[in-house]
Amino acid sequence: MNFLPEVFSINSAMANGELVIGGCKATSLAREFGTPLFVVDEEDFKTRATAWKSALNDNFGANAGQVYYASKSFLSIEIAKWIAETGIGIDVCTGGELAVALAANFPTNRIELHGNNKSEEEISKAIEVGVSKIVIDSMQEIERVNRLAAASGKIQKVLLRITPGVEAHTHEAISTAHEDVKFGFSIASGIAWQAIQEVLSCANLSLEGLHFHIGSQIFESEGFILATTRLIELGAKFRDEFKFELNELDLGGGYGIAYIAGEETYNPSEAMAAIAKLVKSECERHNLNIPKISIEPGRAIVGPTTTTIYEVGTTKDVELDDGRTRRYIAVDGGMSENIRPALYGAEYSAILASRTSMVPAINSRLVGKHCESGDIIIREIDLPSDICPGDLIAVPATGAYGRSMASNYNHMLKPAVIAVINGTARLILRRETESDLLSLDVLEVARTIR
Ligand code: LLP
């Protein structure tokens, strides 16, 4: 497999057979920081975040709402600082994500709180620190947010998460807007309308608008079109009934990125131009003003910026029934820092990153070091037949939902994340240590609890 410029981060290149990211050689990074290693191309990250902001502003001008970076895709204090710097907002969906944003001194008026089962503590904290909006996801939550806002003496701005009944073309586990799903208020069942009425009756809630998120890693626009059309229709019904218009429409995230050859990362300008055309024509059709439009890209900002560097530990050949040979190449990570292939059948690409190889490629399977046959990073890939222990393998486009979904399965240590730019590198999340792991173990004498 050759270096694919469209899949690697912007400042990645091959020089003398070696992968160089942000001016730093993969071999030098591995020596300095160890492997597996997440390498974030800092300039690429900021460029992508800014591109989404510009695309939204260029197409919606004064009516542009906000780009909220979906922090679940990857978050650290440093990342939150980059997001703050670019002027966009952040979407958090747990107390933990909120804590990181606050630790970065992220402007709270650019934080949006999500979640289908927010705890009272999470809601109270969000209200107390003054988040811009809480996206309400259930009937019970309407009462909770209203009560907790009242207790703080505040009027909380809220959006309602609407389920538009759309089948997004992506993996079932990351498709979120069909009817039979845990998220949001369904339009078809009438619950969305009831929720709107309920929020309007709450003295401490201010209904700013509606929200949808149809799913993740989406390339086809039908789902976005249908969901947008249905929410604008609901906005028109709202205006007809209550004689005023909602301020905001939040279209969620989900824009797909390239992982393998032949795929293309969503282009922010094209995506926003298409959405603007649709929003304008639908609003015109219903004689509505154009609301503030917000979006929540996560993967499309961080995904392509990051490459994982692994070291090869072992190889073995297996003769297949069809007469072919499969080479198993095992690296020093696997499903604990990239669960996506096992969970969603996600595909990745990889290259030999530490040297030139002139030998022919062989049908290979890139696997990890976990005690499971399903610990596969790439099911089928052609890699040079002389790959051997000590070689470095780079897997691009691992920025989203890699480190953020990492586990300690097999008591593996979560890898370090470094930022590279202009030939410099720095840690933004250190590698876990065995002491970190052991620090959670407790040897306690039992107490009587009845
Ligand atoms: N907004 C909401 C309300 C969301 O639930 C999500 C993602 C996003 C925005 C951002 O979606 P993105 O632009 O990153 O696609 N672990 C899965 C993805 C789960 C996405 C969950 N929600 C994966 O690895 O593919």
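## Basis and cavities

On a 1 Å grid over the protein atoms alone, a cavity is a set of points where a 1.4 Å probe fits but cannot get out, and lining residues have an atom within 4 Å of a point. Grid points are joined across faces, edges and corners, and a volume is the space filled by probe spheres set on the points. The model is predicted: local features need pLDDT of at least 70 and side-chain atom pairs count only at pLDDT 80 or more, whereas totals for chains, interfaces and linings use all residues. Residues are numbered from 1 along each chain as its sequence is written, and side-chain values use heavy atoms, with hydrogens and water left out.

There are three cavities of 30 Å³ or more. The largest cavity has a volume of about 130 Å³, and its lining includes Leu210, Leu231, Ile232 and Cys283. Helix α8 gives the most, with three residues. The lining divides into eight nonpolar, two polar and two charged residues; Ala, Val, Leu, Ile, Met, Phe, Trp, Tyr, Cys and Pro count as nonpolar, Asp, Glu, Lys and Arg as charged, and the others, Gly among them, as polar.

The second largest cavity has a volume of about 40 Å³. Phe38, Phe74, Val302 and Arg403 are among the residues that line the second largest cavity.

## Pockets

A pocket is an open set of grid points with protein on both sides within 12 Å along at least five of seven lines. The largest pocket holds about 910 Å³ of space. Its lining comprises 39 residues, and Ala70, Lys72, Cys93, Glu97 and Tyr401 lie nearest its centre. Of these lining residues, 13 are nonpolar, 16 polar and ten charged. Domain 1 (5–41 + 304–438) and domain 2 (114–297) each contribute at least three residues to the lining, the bounds coming from an automatic or database domain assignment.

In the second largest pocket there is about 310 Å³ of space. Among its 17 lining residues, Glu347, Tyr348, Ile378, Arg379 and Glu380 are the closest to its centre. Strand β18 (376–384) provides the largest share of this lining, six residues.

## Aromatic pairs

Eleven aromatic pairs are found in the whole structure. Rings of Phe, Tyr and Trp (its six-membered ring) pair if their centres lie within 6.5 Å; planes under 30 degrees apart count as stacked, over 60 as edge-to-face and the rest as tilted. The ring centres of Phe45 and Trp82 are 5.3 Å apart and the planes stand at 65°, so this pair is edge-to-face. Phe45 in helix α2 (residues 42–60) and Trp82 in helix α3 (residues 77–86) are 37 residues apart. Both Phe45 and Trp82 are buried (under 20% relative accessible area, with exposed over 50% and partly exposed in between; 1.4 Å probe, protein chains only).

Phe224 and Tyr266 also form an edge-to-face pair, at 6.4 Å centre to centre and 85° between the planes. Phe224 counts as buried at 5% relative accessibility, as does Tyr266 at 17%. Trp52, Phe224, Tyr255 and Tyr266 form one aromatic cluster.

Technical notes. Helices (H or I, at least four residues) and strands (E, at least two) are DSSP runs, numbered from the N terminus.
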